[in-house]
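Here is a short report on one protein model. Look over the sequence and the fold, then read on.

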Amino acid sequence: MTQTVAVLGTGKIGEALLSGMIRGGWPVSKLLVTARRAERAEELHARYGVEAVSNAEAAKRADTLILTVKPQDMGTLLDELAPHVPADRLVISGAAGIPTSFFEERLAPGTPVVRVMTNTPALVDEAMSVISAGSHANAAHLAHAEEIFGGVGKTLRVPESQQDAATALSGSGPAYFYFLVEAMTDAGILLGLPRAQAHDLIVQAAIGAAVMLRDSGEHPVKLREAVTSPAGTTINAIVELERHGVRAALIAALEAARDRSRELASGNG
């Protein structure tokens with residue numbers, strides 16, 4: 001925590017990282033932020049006491065640069081940063097679908113780059129952040145990225161070749177659960193429950209099931225079977241899910257998300 005870290009393009013995820021670092025004991029004096037709009041920069045300064053600077057100033061002063069702009073804006077940001085980023089800076093990218101080679105080609109030769117795919121539960125310190133090293137990043141760089149992103153949830157190291165799959169499964173994953181909760185809430189209304197009650201029932205069931213999956217160490221099939229009694233209500237519901245191809249639809253959906261991540265990586269935005 002002795003290094004200066006700059007969060008560039010500080011939106012929701014960038015702010016979540018910033019607040020997580022501060023809660024983890026990172027000195028505010030060692031944190032910098034940049035934002036596209038002046039009022040956003042002022043808001044971050046007022047809320048956290050961090051210094052808001054330009055992108056060029058952040059590149060000159062920070063030891064680690066965390067780039068949290070949208071993928072389509074990353075090329076423009078790198079064009080702005082390149083003249084100011086020495087090769088000893090650690091660059092951490094949070095942009096979906098963009099490989100580390102994209103950064104290495106645009107920055108000084110030898111610049112270490114770490115690619116991280118996190119997700120929106122970073123806002124409640126329950127993120128899953130998947131971390132991969134570029135060709136010039138070493139174990140210390142990865143450990144530093146883990147220290148930062150560990151403040152807002154769990155981290156996992158994977159080869160960069162697995163990042164598109166991780167994006168499909170984890171980066172986009174919360175949206176699939178929200179979609180299921182929305183559908184199940186609608187089903188509860190159809191069955192005669194008020195929306196608020198249906199929502200509370202489903203959300204608590206989801207939380208309970210997730211905690212059991214995390215803490216029990218049991219395979220999900222075993223946990224499902226524990227709920228599924230012979231000729232009972234659950235097995236009738238499972239049969240309908242299988243009859244409608246829900247399992248196959250989920251697999252196809254994740255393949256589509258992975259393929260889109262690959263398209264983004266190839267520049268087909």
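## A domain from the record

UniProt, in an unreviewed entry, places the feature "domain: Pyrroline-5-carboxylate reductase catalytic N-terminal" at residues 4–97. In this predicted model, the end C-alpha atoms of that span lie 27 Å apart.

## Salt bridges: a pair within one helix

The structure holds 21 salt bridges. One of them joins the side chains of R47 and E43, with N to O at 3.0 Å. Where do R47 and E43 sit? Both belong to helix α2, which covers residues 38–48. They are 4 residues apart, so about one helical turn separates them.

A network of salt bridges links E15, R40, E43 and R47.

## Salt bridges: a pair across the chain

Now take R115 and E160. They form a salt bridge too, and their closest N and O atoms are 3.1 Å apart.

How does the surroundings of each partner compare with the cut-off? Buried means under 20% relative accessible area. R115 has a relative accessible area of 4%, so R115 is buried. E160 has 23%, so E160 counts as partly exposed.

## One more salt bridge

K222 and E218 also meet through their side chains. Here the N to O distance is 3.7 Å. A salt bridge needs the nitrogen within 4 Å of the carboxyl oxygen, so this pair qualifies. E218 is partly exposed, at 33% relative accessibility.

## A nonpolar patch on the surface

Charged pairs are one topic; nonpolar side chains are another. Which residues form a nonpolar patch on the surface? They are F177, Y178, F179, L180 and M184. Together they have about 590 Å² of accessible area.

Take L180 as an example. It lies in helix α8, which covers residues 173–190. L180 is partly exposed, with a relative accessible area of 36%. A residue needs over 30% relative accessible area to join a patch, so L180 passes that cut-off.

Definitions and conventions. Residues numbered from 1 in each chain as written. Predicted model: local features only at pLDDT ≥ 70, side-chain atom pairs only at ≥ 80, totals over all residues. Heavy atoms only, no water. Helix = DSSP H or I, 4+ residues; strand = E, 2+ residues; numbered from the N terminus. Buried < 20%, exposed > 50% of the residue type's maximum accessible area, 1.4 Å probe, protein only. Patch = residues over 30% accessible without salt bridge, like charges linked within 9 Å, V, L, I, M, F, W, Y side chains within 5 Å. Areas by Shrake-Rupley, 256 points an atom, 1.4 Å probe, with all protein chains shown as cover. UniProt positions renumbered as here; feature names shortened; annotations may be inferred.
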